[in-house]
Amino acid sequence: MSKKVQAIYLWWHKPIIDRELLQSLPNLKVIANSGVGMDHLDLKLVASFGVKMANAPYAVSSSTADTGMALLLASARRLVEGYHVAISPGMEYCEADLLGVEVTGATLGIIGMGSIGYKIALRAKAFEMNILYHNRTRRKEQEEQAVGATYCEKIDSLLQQADFVMVVVSLTPQTHKLIGKREMELMKPTATLINISRGAVVDQEALVTALQTGVIRAAALDVTYPEPLPRDHTLLKLKNVIITPHLGIKTDKTTYMITEEAVENILAALNGLPIPSEVLPS
Amino acid sequence: MWYHKPVIKEELLQSLPNLKIVASSGVGIDHLDLNLLSRYGVKVSNTPFVVSTDTADLGMALMLASSRRLVEGYQIAVSPDTEYFPADWLGAEVSGATLGIVGMGTIGYKVAERAKAFEMKILYHNRNQRNKEEESAVGAIYCKKIDDLLQQSDFVLLSVKLTPQTHKLIGKRELELMKPTATLINISRGLVVDQDALVEALQNKVIKAAALDVTYPEPLPRDHPLLKLKNVIITPHIGSATKKTRRLMMENMVESIHAGLRGLPIPNEVL
């Protein structure tokens, strides 16, 4: 059986690709990922076995951008808290206490302005948000103007001005713990941190402290490290935190499109053709 | 007047001979008997425009939270029983879906502006058709018959005023016209929806889900079936509940009261 396997379609990071598995599959030609992030793969190891790799970058962007906006809105307007008040059996119904913060007209700082970050900017513009962004490279002027985004070469400048900080980078050695104690202290105490990238981009211990001591107002996280968090982790208990189970791309439409992308990549690899979304070890 | 209290009845008006003005917070005035107040020579004001963006934002928040199963997801993420995240757990896509807006006033239009950025197809039903520029700015298509909107929409959002004409506007017939994969979002008033019909429709999968910022009454009795349905999100009428907006509302109300007490023209007077 193992000699027959020529392609692996990774579904939610499974199976785990290690040396043992690669050695047991001599005819493996390609690993196609169901998503855009490749941080769970040892790219060099896989390449050393002559196996090609591909991700699915195009299918994920709209649904992940939608998730970012959903978390931003839910956190700002205290939607989850509100739900619990509305359905709780012994409720002290006091609407006056459940005030949130405005989204329309607020300042959104996007860290990582790739395809997903840009789609977030397009959505946020419709909410009349003031958009700042920080990226390895600056976008073209027309792209900036189309969403009214202002480039912040220094991340500090973005952190100091933003009411909402949205983290949309890929996880690399450079972005590991990109948002730590220092960065959170630069943020406004009324600001919200939203993470739809990878848990390891944020220093989780520093985040817990910042949330507990009012250094920032709230956080909304679709990703943590690990996933799921240990059941006794402090983040699960904080009132000003929304956590979702890495649902960024989990819609019927997107999983279909991701699978289509993966199949395209697999067929190209098996036919010796250029792979549309090939990922090379850097 | 905050959250429709105190309740204005004849008895109260008789006991307050020098009452000149009732300033009501928010835009809805369905809780006030305008004829009664007029007979006692009491003026009425509301706070119409300041609530629009927050309410539109909440409409979008509810649509996104419902479609992406955010509340359920949160419960999975924090539950003491969770060992791993389920792989076969999916929500529905908002981007590119069809949104039907019932009531294209200020709030409805702001919802359309926001939804357009999500590449949604926008249909709307309104007493009057909006002009061409307004329609094309948001890419909205007019549905003269509400049935057409109901049959095509993935999300039906209610942003009408409560009037005798809109009372139980969405009942059994309307719910049955909706797609079984559709979601109903209500940011108007609880009474615009026939609540019993809604419960049945949700239980029998006539529609997929509902997200309600408003119910009748508010709050619902604690044993109401709506509180127990998995495919329902309810929020406690927080449409305008942000610090900034509440402050602006209060400023507007004070302005109206000052004018009312001085016999000057009243800003935001309701006639």
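What kind of contact joins the side chains of A:T104 and B:R114? In this predicted model, for which local features need pLDDT of at least 70 and side-chain atom pairs count only at pLDDT 80 or more, totals for chains, interfaces and linings use all residues. Residues are numbered from 1 along each chain as its sequence is written, chains are lettered from A in the order in which they are written, and side-chain values use heavy atoms, with hydrogens and water left out.

The side chains of A:T104 and B:R114 are joined by a polar contact of 2.8 Å, a polar contact being a pair of N or O atoms within 3.5 Å; within protein, one must be able to donate a hydrogen and the other to accept it, and residues adjacent in sequence count only if both atoms are side-chain atoms. A polar contact of 2.8 Å also links A:T104 to the side chain of B:D57. A:T104 lies in the loop between α4 (79-87) and β4 (107-111) of chain A, where helices (H or I, at least four residues) and strands (E, at least two) are DSSP runs numbered from the N terminus. A:T104 counts as buried because its relative accessibility is 8%; buried means under 20% relative accessible area, exposed over 50%, and partly exposed in between (1.4 Å probe, protein chains only). Leaving aside residues up to four places away in sequence, A:T104 touches A:F127, A:E128, B:T53, B:D57 and B:R114 (contact: heavy atoms within 4.5 Å).

Over all chains the structure holds 24 salt bridges, each a side-chain nitrogen of Lys or Arg within 4 Å of a carboxyl oxygen of Asp or Glu. One of them pairs A:K52 with A:E278, with closest N and O atoms 3.9 Å apart. This pair links distant parts of the chain, 226 residues apart: A:K52 is in strand β3 (residues 52-54) and A:E278 in the segment after α10 (252-270) of chain A. A:K52 is partly exposed at 40% relative accessibility, and A:E278 is partly exposed at 31%. Another salt bridge joins A:R138 and A:E144 at 2.8 Å, N to O; A:R138 is exposed at 54%, whereas A:E144 is buried at 8%.

In chain B, the domain assignment, automatic or from a database, gives domain 1 (10-49 + 241-262) and domain 2 (52-234). The contact takes 6 residues from domain 1 and 5 residues from domain 2. Across this interface 1 salt bridge is found, and the side chains of B:R189 and B:D30 meet in a salt bridge of 3.0 Å, N to O.
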